[in-house]
Amino acid sequence: MQIRTAREYAGLTQEAVSLRTGIRIATISDIEQGHASARLDSLIRIADAIGVPLPKLVE
């Protein structure tokens with residue numbers, strides 16, 4: 001499942017994920033668009049914020 005798909009399915013905006021994770025909106029956008037790779041700790045925080053298990057998020 002892609003991060004953007006999971007985020008939208010959860011009904012969250014990039015801003016909401018940013019507020020829950022402490023990751024800048026621009027960084028979340030870059031990760032979703034494939035312009036940047038996410039570090040493992042960032043992926044864990046994003047998965048927790050969205051409410052999706054990490055393995056499901058990165059499959």
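This report covers helix packing, the nonpolar core and salt bridges in a predicted model.

## Two helices crossing

Two packed helices are described by the angle between their axes and the distance between the axes. Take helix α2 (residues 14-21) and helix α3 (residues 25-33). Their axes come within 9 Å. They cross at roughly 115°. The crossing is right-handed.

From α2, the contact uses Gln14, Glu15, Val17, Ser18 and Thr21. From α3, it uses Ile25, Ile28, Ser29 and Glu32. Three of the contact residues are nonpolar, four are polar and two are charged.

## The nonpolar core

The largest nonpolar core has 14 residues. Ile3, Ala6, Val17, Ile46, Ile50, Val52 and Leu57 touch the most other members. Helices α1 (3-9), α3 and α4 (40-50) each supply at least two core residues. Helix α4 gives the most, with five.

Val17 also belongs to the α2 contact with α3. Leaving out residues up to four places away in sequence, Val17 touches Arg7, Leu12, Ile28, Ala49 and Ile50.

## Salt bridges

Side chains of opposite charge can pair when their charged atoms come close. The model has four salt bridges. One of them joins Arg7 and Glu32, with the closest N and O atoms 2.6 Å apart. Arg7 lies in α1 and Glu32 in α3, so this pair ties together parts 25 residues apart in sequence. Arg7 is buried, at 8% relative accessible area. Glu32 is buried too, at 18%.

Another salt bridge links Glu8 and Arg4, at 3.1 Å. Both residues lie in α1, four residues apart, about one turn of the helix. Glu8 is partly exposed, at 44%. Arg4 is partly exposed, at 47%.

Lys56 and Glu59 also form a salt bridge, at 3.5 Å from N to O. Lys56 is partly exposed, whereas Glu59 is exposed.

How values were computed: Residues are numbered from 1 along each chain as its sequence is written. This is a predicted model: local features need pLDDT of at least 70, side-chain atom pairs count only at pLDDT 80 or more; totals for chains, interfaces and linings use all residues. Side-chain values use heavy atoms; hydrogens and water are left out. Axes are lines fitted to C-alpha atoms, for helices over the stretch in contact, and angles run from 0 to 180 degrees between N-to-C directions. A crossing is left-handed if the near helix is turned anticlockwise from the far one by less than a right angle, and right-handed if clockwise. Contact means heavy atoms within 4.5 Å. Ala, Val, Leu, Ile, Met, Phe, Trp, Tyr, Cys and Pro count as nonpolar, Asp, Glu, Lys and Arg as charged, and the others, Gly among them, as polar. A nonpolar core is a set of buried Ala, Val, Leu, Ile, Met, Phe, Trp, Tyr and Cys residues joined through side-chain atoms within 4.5 Å. Buried means under 20% relative accessible area, exposed over 50%, partly exposed in between (1.4 Å probe, protein chains only). A salt bridge is a side-chain nitrogen of Lys or Arg within 4 Å of a carboxyl oxygen of Asp or Glu.
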